[in-house]
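Trainee: I have a new structure open and would like to learn how to read it. Could you walk me through it?

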Amino acid sequence: MATDKSGEIAINMAETKASAKGTAPLLNYSKAVAAVEPPNRGAKKGLAVGDFVLRLCALGAALGATVAMGTADQLLPFFTQFLQFEAQYDDFDTFRFFVMALGIVSCYLLLSLPLSIICIIRPLATMPRLSLMMAALTIAAGSASASMVYLAHNGNDDVNWLPFCQQFGDFCQSASGAVIGSLLAAALLLIIIILSAFALKRN
């Protein structure tokens, strides 16, 4: 009887150890999954969605500014035998630079949209951050063109530069709209840079 009881006790002890060994790896696995699971995944996905929307808006502003400046053209109804009064964007080097710069920014924003979609699907993915350079280029082109538009509207008495927007009103209106669009694109790019800084900080 004692032998049977001791045998039963030994068997029960063995089963208890086996069950303990069977449950321990499950506990360790759950802890490992919790440790590997990325924190703040929802916040990163929200930042990625905001980045995509801002890039789309900046693309619209930059592309609209490029088209508005590139199509700025006005021909006055009166002309002489030897002169024809016409204003085009390529008559000004500053406006040429504006069209080229905003065209580059538009291409960058268009090509970055698929990468931004990838960051939405996989919030942990990283993408090249060239927004700072594009923002600097947009600000440079917009500010330079803004000074030319100001001179076209107001002139400069010190150097006897007369304003010509009274004659070329449509041309100046298109150029002014393009400058406003470029400054809006620059502001959106700066917001994108701030969002990128938050995303990198969370990594």
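Predicted model: local features only at pLDDT ≥ 70, side-chain atom pairs only at ≥ 80, totals over all residues.

Trainee: Which pattern does the protein follow along the sequence?

Mentor: Helices (H or I, at least four residues) and strands (E, at least two) are DSSP runs, numbered from the N terminus. Here there are five helices and two strands, and read along the sequence they follow the pattern α-α-β-β-α-α-α.

Trainee: How do I read the length of a helix?

Mentor: Compare its reach with the expected span, which is 1.5 Å times one less than its number of residues. Helix H3 (residues 93-121) has 29 residues and reaches 43 Å from first C-alpha to last, close to the expected 42 Å. H4 has 24 residues and reaches 34 Å, close to the 34 Å expected.

Trainee: Where does H3 have a kink?

Mentor: The bend at a residue is the angle between axes fitted to the seven residues ending there and the seven starting there. In H3 a kink of about 35° lies at Leu113, shortly before the proline Pro114.

Trainee: Which residues of H4 are buried?

Mentor: Buried means under 20% relative accessible area, exposed over 50%, and partly exposed in between (1.4 Å probe, protein chains only). The buried residues of H4 include Met134, Ala135, Thr138, Ala141, Gly142, Ser145, Val149 and Ala152. An α-helix has 3.6 residues a turn, so residues three or four places apart point the same way. Of the 203 residues of the protein, 31% count as buried.

Trainee: What comes just after H4?

Mentor: Gly155 does, with a positive phi of about 70°. Further on, Cys165 sits in the loop between H4 and H5. The C-alpha atoms of Cys165 and Gly155 are separated by 9.4 Å, and the two residues are 10 apart along the chain.

Trainee: How many disulfides does a search of the whole structure find?

Mentor: A disulfide is a pair of cysteine sulfur atoms within 2.5 Å, and the search finds one. Cys165 and Cys172 form it, with their sulfur atoms 2.0 Å apart. The torsion about their S-S bond is about -90°, so this disulfide is left-handed.

Trainee: Is Cys172 buried or exposed?

Mentor: Cys172 is buried, at 3% relative accessible area, and Cys165 is buried too, at 12%. Cys57, at 44%, counts as partly exposed, as does Cys107 at 47%.

Trainee: Which residues line the largest cavity?

Mentor: On a 1 Å grid over the protein atoms alone, a cavity is a set of points where a 1.4 Å probe fits but cannot get out, and lining residues have an atom within 4 Å of a point. The largest cavity is lined by Phe95, Val149, Ala152, His153, Phe171, Cys172, Ala175 and Ser176. Helix H4 (131-154) and helix H5 (169-202) are the elements that give two or more residues to this lining, and H5 gives the most, with four.

Note on methods:
Residues numbered from 1 in each chain as written. Heavy atoms only, no water. 1 Å grid on protein atoms, 1.4 Å probe; cavity = no way out; pocket = protein on both sides within 12 Å on 5 of 7 lines; lining within 4 Å.
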